[in-house]
Amino acid sequence: MSADVRAYAAVDLGASSGRIMVGRVGPGSLELTEAHRFPNRPVRVPEGLRWDVLGLYAGVLDGLRAAGQVDSVGIDSWAVDHGLLDADGALLGNPVHYRDTRTDGVARTVWETVPADELYAATGLQYAPFNTLYQLAAARNSVQLAQAERLLLIPDLMAYWLTGDQGTELTNASTTQLIDPRTRDWAYGLADRLGVDLSLFAPLRSPGDPAGVLRAEVLEETGLAGPVPVTAVGSHDTASAVAAVPAEGERFAYICTGTWSLAGLELRAPVLTEESRAANFTNELGLDGTVRYLRNIMGLWLLQECLRAWGDPELDGLLREAARMPALRSVVDAGDAAFLAPGRMPERIAGACRASGQPVPETPAEITRCILDSLALAHRRAVQDAQRLAGHPVDVVHVVGGGARNALLCRLTADACGLPVVAGPAEAAALGNVLVQARAHGLAGDLDGGRRLLRRTQPLARYEPGGDPARWAAAEARLARP
């Protein structure tokens, strides 16, 4: 490797798999390769749905060993979930999965103390039943929480095990519903009202801050030569993915696609209006003082669960068959919490179509087309609503993440939004992770500089809108709006 090229390990943990990617960054160059990939399978035990966090950590160590010598390590993952540590720093049980039912109905008990509109005005976070605040409320009388001296979000927990240092990275902290997006600090008054002890959290740190160095035991197990620093990145994977949106200027929307679709805008200030709350938009924090103003949509989880139910058929063939199905024959609300839990997804989608008086999709191709049409329709609604609520018009939609590889979904999204779609990069979270590490070590420049580098080095595909916009408006009218 050339002396002016640095190597960075991006630990990117998704809800269904983890991967360790190695980014090699030099003057005008950025190359990403996969070192190791491993499954992330939650486990259902008598007390509920849990993450196999020890298995994840083993995958991280295996990946660092496969990555070889690197100049830094950065970690990102999904949001809201966390581990609780005792006074000795030992983990108190496996972290609870956000799809666990323990938070069912908990939000209403929180709203009895702080009404939903006040909660939104203080934190700007959309309602989601699994937000960390509601998880803490659900655990209020638990033995584990009573014994806990520290709460670490999943990427911070991994960093702690690697380094021995504790911190709470800001972009992920902003998903807890305990951060004020205006001050970019804890919402102290809110926490007091709700009886949340903020001393549970380690000190806040921002993307680019140092997060310790690999412990001697980690160096020995991975074969790396120290010192190897760990650098805080946008540890919420969506924050890293948005950092890797290869946009020019500010007039763009993004859709980060994977298990979830996160569709919205990059803003300089939060939108905390009552209309924004009613539309269920969230204000999460991004790099360099930005706000990720977005709506959570169920995403490719719908298709992933169907594929699992069908015995994991070959996807490319299924998508080709789905492309030949009649367009917009049946659609469902891809943001409906009714689809949140795992299991029986084809039957649930068919049932939703039946309940709304639409033709019932029966074959895998018909159900797949229903899912993709429904996702494109939800993308359309989110992009339109975000522009209206934020007063921020856009000229292009960037699709990043795994869904950027799905040409049918990208084409349908362009048609639905009536805007060009630029698809890629698919490994956006890992690339954003790498770019933050690189610039912390004097490479890659600022946010705009990183995006210029992405446009020069990453393959992108463009989809122009087509079809009749009125058909999408008619399809939306079939869905019962809240």
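Helices here are DSSP runs of H or I with at least four residues, strands are DSSP runs of E with at least two, and both are numbered from the N terminus. The model shown in every view is predicted.

**View 1. Aspartate 288 in the loop between β17 and β18.** The loop lies between strand β17 (282-285) and strand β18 (291-297). Aspartate 288 is not a glycine, yet its phi is positive, at about 55 degrees. Most residues other than glycine have a negative phi. Is aspartate 288 buried or exposed, or something in between? Its relative accessible area is 40%, so aspartate 288 counts as partly exposed.

**View 2. Aspartate 312 in the loop between α12 and α13.** Here is another residue other than glycine with a positive phi; the value for aspartate 312 is near 55 degrees. Aspartate 312 is exposed. Its relative accessible area is 57%, and the cut-off for exposed is over 50%.

**View 3. Strand β16 and its partners β15 and β18.** Start with β16, residues 261-267. How many of its seven residues are buried? Seven of the seven are, so the strand is mostly covered. Strand β15 (residues 252-257) pairs with β16 in the antiparallel sense, over five bridges. Find alanine 253, which stands opposite leucine 265 in β16. A hairpin through three residues joins β15 to β16. Strand β18 also runs antiparallel to β16, and seven bridges join these two. One place to look is serine 261, whose bridge partner in β18 is isoleucine 297. In a regular strand, side chains alternate between the two faces of the sheet.

**View 4. Helices α13 and α15 in contact.** Helix α13 covers residues 315-323. Its axis is 8 Å from that of α15, and the packing angle is about 75 degrees. That angle makes α13 roughly perpendicular to α15. Leu318, Leu319, Glu321, Ala322 and Ala323 make the contact from the α13 side. Pro364, Ala365, Thr368, Arg369 and Leu372 make it from the α15 side. Which classes of residue meet here? Seven are nonpolar, one is polar and two are charged.

**View 5. Helices α15 and α16 in contact.** Helix α15 spans residues 364-390, and helix α16 spans residues 407-417. They pack at an angle of about 40 degrees, with 8 Å between their axes. The two helices are therefore oblique to each other. Their crossing is right-handed. On α15, the contact residues include Leu372, Leu375, Ala376 and Val383. Also on α15, look for Arg369, Asp373, His379 and Arg380. By class, the contact has nine nonpolar, two polar and three charged residues.

**View 6. The buried residues of helix α14.** Helix α14 runs over residues 345-355. Which of its residues are buried? They are Met345, Pro346, Arg348, Ile349, Ala350 and Cys353. Among the elements that cover them are α12 (301-309) and α15. Glycine 357 comes just after the helix and has a positive phi of about 75 degrees.

View 7. Most peptide bonds are trans. Where is proline 227? Proline 227 lies in the loop between helix α9 (216-222) and strand β14 (229-231). Proline 425 is in the loop between strand β20 (421-423) and helix α17 (428-440).

**View 8. Aspartate 237 and its contacts.** Aspartate 237 belongs to helix α10, residues 237-243. Set aside its neighbours within four places in sequence. Aspartate 237 then contacts Asp12, Leu13, Asp76, Ser77, Trp78 and Ala429. Alanine 428 is 191 residues away along the chain, but its C-alpha atom is separated from that of aspartate 237 by 8.9 Å.

**View 9. Histidine 97 in the loop between β7 and α2.** The loop lies between strand β7 (82-85) and helix α2 (106-111). Is histidine 97 buried or exposed? Histidine 97 is buried, because its relative accessible area is 4% and the cut-off for buried is under 20%. What does histidine 97 touch, not counting residues up to four places away in sequence? The list is Pro42, Leu49, Arg50, Trp51 and Asp81.

Definitions and conventions:
Residues numbered from 1 in each chain as written. Predicted model: local features only at pLDDT ≥ 70, side-chain atom pairs only at ≥ 80, totals over all residues. Heavy atoms only, no water. Axes fitted to C-alpha atoms, helices over the stretch in contact; angles between N-to-C directions. Parallel < 35°, antiparallel > 145°, perpendicular 65-115°, else oblique. Left-handed = near helix turned anticlockwise from the far one by under 90°. Contact = heavy atoms within 4.5 Å. Nonpolar A, V, L, I, M, F, W, Y, C, P; charged D, E, K, R; others polar. Buried < 20%, exposed > 50% of the residue type's maximum accessible area, 1.4 Å probe, protein only. Pairing = 2+ DSSP bridges.
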